[in-house]
Amino acid sequence: KSKPICIKNCFEFNKKQYINKLFLKESDPIQLTIVGRFSREKGYELLFKSLSKVSFNYKLLCIGKGCSLKNQKFKNLCAQYKVKVKAFEKVKNINKIYWGTDYLVSSSFSESFPNVVVESLLVGTPVISTPTGCFLNILKEFNLVSESFKSHDFSIVLNNAYLLRKDQKKYQSICKKLRRKIVEEISTPVQAAKNYERIFLINNFLIEPKRN
């Protein structure tokens, strides 16, 4: 009978963090990063196939279980689409990785609440995404979501993102706007703890036996 309490996923973040991404020179390749286990669901083949169709220079970093040139399936996929990558199954400081990339790429076929998207946006790095997950509205506003799961459509959004990155002023503005928007979608651990405490108190009140 009590009023519902919404407890959002919680993340550590500094609301006043200053964002100033480095200027991308004309000759510099754009840095793209994908974080997730090597699997069909995470869309590695979709990403590699899409990258084989783009018209710009890029560097690709793959992080996740199975992302290794010692993994024959991963190595074969790279060779099939002629994609050069740096690959690590795990890293020590993921926030440093997010900060050092121009775009995180979320090429998944299915997502519920993609934590990597939140983590990336919180440090000021935009995300290029397939049409899945719960943050599509804030990414669509900046043309960072593909129309479908087809490589043609994903390559279009990759090209759009590259053109956006060349406009330093606009890119910086979007980095800041996306960070502000994602902060509204999540809680700090302290906020989440307070909401859980409210639920605990309400439940205790509701089940407390009546006294004569």
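# Asking around strand 4

Me: Where does S106 sit?
Reply: S106 lies in strand 4. Keep in mind that this is a predicted model.

Me: Why is S106 called buried?
Reply: S106 has a relative accessible area of 7%. Buried means under 20%, so S106 counts as buried.

Me: And what does S106 touch?
Reply: Leaving out residues up to four places away in sequence, S106 touches V117, V127, I128, S129, T130 and F154. A touch here means heavy atoms within 4.5 Å.

Me: What makes you say that both faces of strand 4 are covered?
Reply: Look at its residues side by side. Y103 and V105 are on one side, L104 and S106 are on the other, and all of them are buried.

Me: How do you know that strand 4 and strand 5 are paired?
Reply: Three bridges join strand 4 to strand 5. Pairing calls for at least two bridges, so these strands count as paired. They run parallel, and S106 stands opposite S129 in strand 5.

Me: What about strand 1, how do you know that it pairs with strand 4?
Reply: Strand 1 (residues 30–35) and strand 4 (residues 103–106) have two bridges. At least two are needed, so this counts as a pair too, again in the parallel sense. T33 has L104 as its bridge partner in strand 4, while L32 stands opposite Y103.

Me: What is the order of the strands in the whole sheet?
Reply: Five strands form an open sheet in the order 3-2-1-4-5, with parallel pairing.

Me: What makes strand 3 and strand 5 edge strands?
Reply: Strand 3 (85–88) and strand 5 (127–129) each have a single partner strand, so one side of each has no neighbour in the sheet.

Me: Which helix lies across strand 4?
Reply: Helix 4 (residues 115–122) does, and it lies across strand 1 and strand 5 as well. Helix 4 runs at about 170° to strand 4.

Me: Which loop holds G124, and why is G124 called buried?
Reply: G124 is in the loop between helix 4 and strand 5. Its relative accessible area is 1%, and the cut-off is under 20%, so G124 is buried. Apart from neighbours within four places in sequence, G124 is in contact with I19, K21 and C175. The C-alpha atoms of G124 and E147 are separated by 24 Å, with the two residues 23 apart along the chain.

Me: Why is helix 1 called largely enclosed?
Reply: Helix 1 (residues 44–51) has eight residues and six of them are buried, so the rest of the structure largely encloses it. The buried ones are Y44, L46, L47, F48, S50 and L51. They pack against strand 1, strand 2 (58–63), helix 2 (72–80), strand 3, strand 4 and helix 6 (151–166).

Me: What makes S50 a buried residue?
Reply: S50, which lies in helix 1, has 0% relative accessibility. Buried means under 20%, so S50 qualifies. Leaving aside neighbours within four places in sequence, S50 is in contact with S151, F154, S155 and L158.

Me: Is K82 buried or exposed, and how do you know?
Reply: K82 has 75% relative accessibility. Exposed means over 50%, so K82 is exposed. K82 is found in the loop between helix 2 and strand 3.

Me: Why is N143 called exposed?
Reply: N143 has a relative accessible area of 52%. The cut-off is over 50%, so N143 counts as exposed. N143 is in the loop between helix 5 (136–140) and helix 6.

Me: Last one: how many cavities of 30 Å³ or more are there, and what lines the largest?
Reply: There is one. The largest cavity has a volume of about 40 Å³. Among the residues lining it are S106, V117 and S129. The lining divides into six nonpolar, four polar and no charged residues.

Conventions:
Residues are numbered from 1 along each chain as its sequence is written. This is a predicted model: local features need pLDDT of at least 70, side-chain atom pairs count only at pLDDT 80 or more; totals for chains, interfaces and linings use all residues. Side-chain values use heavy atoms; hydrogens and water are left out. Helices (H or I, at least four residues) and strands (E, at least two) are DSSP runs, numbered from the N terminus. Axes are lines fitted to C-alpha atoms, for helices over the stretch in contact, and angles run from 0 to 180 degrees between N-to-C directions. On a 1 Å grid over the protein atoms alone, a cavity is a set of points where a 1.4 Å probe fits but cannot get out, and a pocket is an open set with protein on both sides within 12 Å along at least five of seven lines; lining residues have an atom within 4 Å of a point. Grid points are joined across faces, edges and corners, and a volume is the space filled by probe spheres set on the points. Ala, Val, Leu, Ile, Met, Phe, Trp, Tyr, Cys and Pro count as nonpolar, Asp, Glu, Lys and Arg as charged, and the others, Gly among them, as polar. Buried means under 20% relative accessible area, exposed over 50%, partly exposed in between (1.4 Å probe, protein chains only).
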